[in-house]
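Colleague: I would like to learn how to read helix faces, helix packing and charge pairs. Please take me through a case.

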Amino acid sequence: MARLHTWCDQQLAVLRPAERIIVNQYLHWELLRRAKRNNTGGDILEGAASHVQAVIRGIVNLIAWLDTDQQTSLRNITQEQIDRYTLSVNAGRWLPQLLRWATTNGHIEFDVVATSLSIRQPAVTLTEDRLDRIVDAVLKDTSLRPSLRLGVLLIAMYGLPARRIVRLERTQIIKVGAHDAALTFGEHQLLLPPPVADISRVHLQSISDSRTSWLFPGRRPGQHMSDQQFRRALEPYDVTISQLQTAARYRLAGAVPAKILADSLDFDISTIAKYASLSGGRWGDYPLVRATHGVEPAR
């Protein structure tokens with residue numbers, strides 16, 4: 001909880017005082033209150049915390065766009081600007097709620113709604129051959145630290161969000177049998193192919209003396225790695241994190257039934273359904289996604 005508050009404060013620090021006050025009110029009166037309601041224990045679950053972060057990141061980006069591209073503020077946003085923004089940004093999950101709250105509480109001058117929002121199909125820009133070549137190159141690239149190789153491979157093979165990868169705990173890598181390893185999400189285990197399992201073991205050994213619980217420790221004590229390190233690691237390959245994510249999800253959605261895939265990767269079923277519809281559901285077996293039993297922590 002304290003970590004989430006600190007992160008939000010850092011994100012909102014770039015805003016002008018008037019807009020920082022508005023977004024802070026929305027954060028505390030709406031986002032955090034709803035997030036706490038999702039858990040009877042009163043704390044905020046990891047999934048809810050990730051949603052709060054995604055919304056705050058989206059709002060900050062919207063305000064930056066208004067400031068730099070439109071020379072205006074959130075208070076003076078117009079319907080035309082909302083329509084223009086939503087043509088290029090997928091804001092369908094958070095923008096309507098923000099606009100309703102802001103207009104109800106008098107924080108927006110004009111009567112605006114997110115009427116033009118629609119569910120957009122993911123833009124898959126990498127071919128499977130290109131994705132294969134990138135995965136193969138990263139597997140062989142010993143110049144990269146094991147932590148970066150492991151993180152990039154989790155993006156390129158399973159489409160996991162980088163910001164979620166850096167928040168993995170080291171106990172989420174578990175040993176399966178003598179040589180295999182798996183990544184756990186709650187009650188589900190994702191079996192890692194042997195080359196990736198080998199890299200995960202090398203990485204775990206490299207951080208064995210670290211006192212942090214993070215699988216990807218940061219430079220500061222108690223902090224996890226920045227997801228921007230994955231972006232920098234991908235620069236020599238001339239590919240972005242987003243391109244790898246969408247290509248991997250598209251490929252998986254065509255190889256694995258949507259419900260199984262969503263459970264295995266701990267995704268919302270609606271996220272996978274979009275990729276399944278786009279791919280046509282040509283089920284196969286790459287990469288192997290299945291539950292495992294009799295597991296123990298990796299060493």
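Modeller: Start with burial: buried means under 20% relative accessible area, exposed over 50%, and partly exposed in between (1.4 Å probe, protein chains only). Helices are DSSP runs of H or I, at least four residues, numbered from the N terminus. This is a predicted model: local features need pLDDT of at least 70, side-chain atom pairs count only at pLDDT 80 or more, and totals for chains, interfaces and linings use all residues. Residues are numbered from 1 along each chain as its sequence is written, and side-chain values use heavy atoms, with hydrogens and water left out.

Colleague: Which residues of helix 1 are buried?

Modeller: In helix 1 (residues 2–12), Leu4, Trp7, Cys8 and Leu12 are buried. They cover an arc of only 130° around the axis, so they sit on the same side of helix 1. That arc is taken over the directions from the helix axis to the C-beta atoms. Exposed Ala2 and Gln10 are on the face turned away from the buried side.

Colleague: And charge pairs?

Modeller: Side chains of opposite charge can pair when their charged atoms come close. A salt bridge here is a side-chain nitrogen of Lys or Arg within 4 Å of a carboxyl oxygen of Asp or Glu. The count comes to 11 salt bridges. One of them joins Glu80 and Arg84, with the closest N and O atoms 2.8 Å apart.

Colleague: Where do Glu80 and Arg84 lie in helix 4?

Modeller: They are 4 residues apart in helix 4 (residues 79–88), so about one helical turn separates Glu80 and Arg84. Glu80 is exposed at 55% relative accessibility. Arg84 is partly exposed at 34%.

How values were computed
Helices (H or I, at least four residues) and strands (E, at least two) are DSSP runs, numbered from the N terminus.
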